Amino acid sequence: MLTNQYKPIKKLSYLVRIVVGIVMGTVLALLLFTGMHSFQRWTAGRVADVLSAELDTHVEIGRLRIDLPNRVVLDDILLLDQHADTMLRAARLSTKVDILALAKQRIRLSNIQLFGYDIHLRRHAADEPYNFQFVIDKFASADTTQHTPLDLAINNIVVRRGDISHELMWMPARGGIDPSHLHLHDISLRASVNTLTDDSINVQVNKLSLQESSSGLTLRDMHFALAAGRRQATFNDLIIRLNNSDFSIPQLIASYDAPAAGKPVSEWLSSLRAQASADATVVPADLSPLLQQLKPLDMPVKLHTEAHISNNILSLNNTALSAEALAMDAEAQLHIGTSPAIEADVHRLFVGSSMVTAVIEALNADADKPLLTPAPSTILQRLGNIEATGHATYNKALAQTQLSLRTNAGNATVDATLTNSDILEAHLTTEDIRLHDMLADVADIKVDNVNLEAQALASLRQGTIQAQATANALTLAGHNIDAINIDANVSPTSVEADINVEDNEIGFSLLTNLKDETGIRLSPDALMRLQGYVVLSKLRIDSEDHHLRLNDLTLHNYVDDAGQHLEVSGDFIDAHADGHFSPTTLAASGQQLLHAALPALIPAPSAASPATEPQDDITFAIQIWNTDPLLALTDVDLRLPEPGSIRGELHGPQWTCAPTSTTWTTAPNSFTTFTLSHHSSKTASACGWKDSE
């Protein structure tokens, strides 16, 4: 029998048992209710109704299950945006919440699971927010004067079988990766957020994989570990794997000063110290979603580089690129402060002919939109193997480059400087450049084996060029020429050039001074408008077929109120044409005239459109003392036994002719005469010719 002193203890024991029983009964009752599907659906409906009213949109939750003490599971979730379109659909969302940590304003979640989800991020117009902005605005704190420190940790995030789309509805779609229309599907993620506070982060991504359906880009795997605080960060074991490509950064270590509020980012960058190395084996075809032209390139390319950042300078050292018929060794420095600058050295670059061919085929893979026309494609292929070394620097005030190039079609070196994005100074040296071999079937050029040294001074803003060039040797039309000197000044409205050629077989000087206030162009009409002169002097030809000396031949062209005047004068000819004429119709007018005079020998020109109908109005005269220079210069067997002259007029648009008339009529009050003058009394029987002493 218990004594009286133990009776209170006995009553307390009974009370504890009763309380424990009540608690256990309550827990069992809650477990019973929360385990019932009907209760889960009822609870889900009530929560969905509250969220719908709070967000002013439609929310559905199929089931809501609470697994005591701290696990919440939502099934069959649907959330519409304010355009009544689906924003979120998910088969399951679940997590565990640390209730005690919440009381201390610390968010501790674990085992977050998101399965079978479909998320649509949209903007319907450039002046509208994203479709999810209303959710952020609803739950954002109205008090912006206070800040609750962030303290978040999430253990074990698992995301599977998900799709995310991003749409800017007003933007047109384009091929490849399109940020305005991005469709990611089959997204899987395993990760942990060990720490996320206002001044630190510790995240580990164990696996991330996805596909972009529009472009076909496939990320097979990505994983890394990131730990960063206010003064240092480490980035470990970054691996990115595409279909056939791998990229890795084993470790990146960085230190920096603590970011200061209100200070510019450039000040923070100046304190940054970091180093890392990177290795990659890339099959360019894997990147074809970014650049479609890479799709045919299925050869692996290996890359290695070592990076270091200090004192606002990013250095890339021991950079090596290698593949079949491709090799490069280089280094570079990038100044990333307030005055950006780049300095790069290519110690060796080798591109084999097979790689050149592969790149050309890739660039022209789209037959409808080739990036290279046939001419440059052919020229590049004929370069064969390419070897190069070079150095380049760039900043806002000065850009410099030195390049040495060796190819199967000859060698070249270039040294160029660009000052203030305007003044360009360049020096070019070539060695046995086989232009004819490079341009065969591309252009009718008869220059080959060029050994050239040239320098130029140009203003890009004004469009002016001062150039001097000396060719120590070249082959022109099968003839070897020992020396060519060129001195030229070119502007948008003028061309001045002095060319001197000296060789055993040929020698001459060519002086040009041509202007056009509307701008120099290369069309026939534009060339005819050039005013000025071209002088060919000291012409000497000594070959097996021709021996010629010509002191002077001048072409002078000018325009005044009376029209255009074209004059040719020299040792053997004096000619001029005055009036109004166009090179696009002058040939047709001349052919009409000759056909009228000699219909049996000269055919009539083809029918012309009204826009090109000959409208020339010309008075001309030609005096020729000796045709031997023409024979030597043109290989045309034209001989006059005695000096002669030709005078005439041309009036478009049409010509008719009676066999022995001296006047041709084209329209009322329109006539033309054509006269042949010679020193012996002979009769011209051709149509429209009359005798003259």
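Author: Let us begin with a single side chain: Tyr130 counts as partly exposed, because its relative accessibility is 26%, where buried means under 20% relative accessible area, exposed means over 50%, and partly exposed lies in between (1.4 Å probe, protein chains only). This is a predicted model, in which local features need pLDDT of at least 70 and side-chain atom pairs count only at pLDDT 80 or more, while totals for chains, interfaces and linings use all residues. Residues are numbered from 1 along each chain as its sequence is written, and side-chain values use heavy atoms, with hydrogens and water left out.

Reader: How many aromatic pairs does a search of the whole structure find?

Author: Rings of Phe, Tyr and Trp (its six-membered ring) pair if their centres lie within 6.5 Å, and planes under 30 degrees apart count as stacked, over 60 as edge-to-face and the rest as tilted. By that rule the whole structure contains two aromatic pairs. One of them is stacked and joins Tyr130 to Phe132, with 5.3 Å centre to centre and 15° between the planes. Phe132 is partly exposed, its relative accessible area being 26%.

Reader: How should I read a salt bridge, and which side chain meets Arg63 in one?

Author: A salt bridge is a side-chain nitrogen of Lys or Arg within 4 Å of a carboxyl oxygen of Asp or Glu. Here the partner of Arg63 is Asp75, at 3.3 Å from N to O. Since Asp75 lies in strand S2 (residues 71-80) and Arg63 in strand S1 (residues 59-67), the pair ties together parts that are twelve residues apart in sequence; helices (H or I, at least four residues) and strands (E, at least two) are DSSP runs, numbered from the N terminus. Asp75 also forms a salt bridge with Arg92, whose closest N and O atoms are 2.8 Å apart. That pair links strand S2 with strand S3 (residues 86-97), where Arg92 is found, across 17 residues.

Reader: Is Asp75 buried or exposed?

Author: Asp75 is buried, at 6% relative accessible area, whereas Arg63 is partly exposed at 22% and Arg92 is partly exposed at 28%.

Reader: Which residues join Lys207 in one network of salt bridges?

Author: Start with Asp221 and Lys207, whose closest N and O atoms are 4.0 Å apart. Asp221 belongs to strand S9 (residues 221-228) and Lys207 to strand S7 (residues 200-212), so this pair links parts of the chain 14 residues apart. Asp221 is buried at 11% relative accessible area, while Lys207 is partly exposed at 30%. Through shared partners, salt bridges join Lys207, Asp221, Arg241 and Asp246 into one network.

Reader: What does strand pairing look like, and which residue of S17 stands opposite Asp345?

Author: Two strands pair if DSSP finds at least two bridges between them. Strand S16 (residues 341-351) runs antiparallel to strand S17 (residues 386-394), and eight bridges join them; in this pairing, Asp345 faces His391 of S17. S17 also pairs with strand S18 (residues 398-407), in the antiparallel sense and over nine bridges, and there Gln402 of S18 is the bridge partner of His391. S17 and S18 form a hairpin with three residues between them.

Reader: Which residues of helix H6 are buried?

Author: In H6 (residues 353-363), the buried residues are Met355, Val356, Ala358, Ile360 and Ala362. Their cover includes S16 and S17, together with strands S14 (313-323) and S15 (326-335) and helix H7 (374-382).

Notes
Contact means heavy atoms within 4.5 Å.
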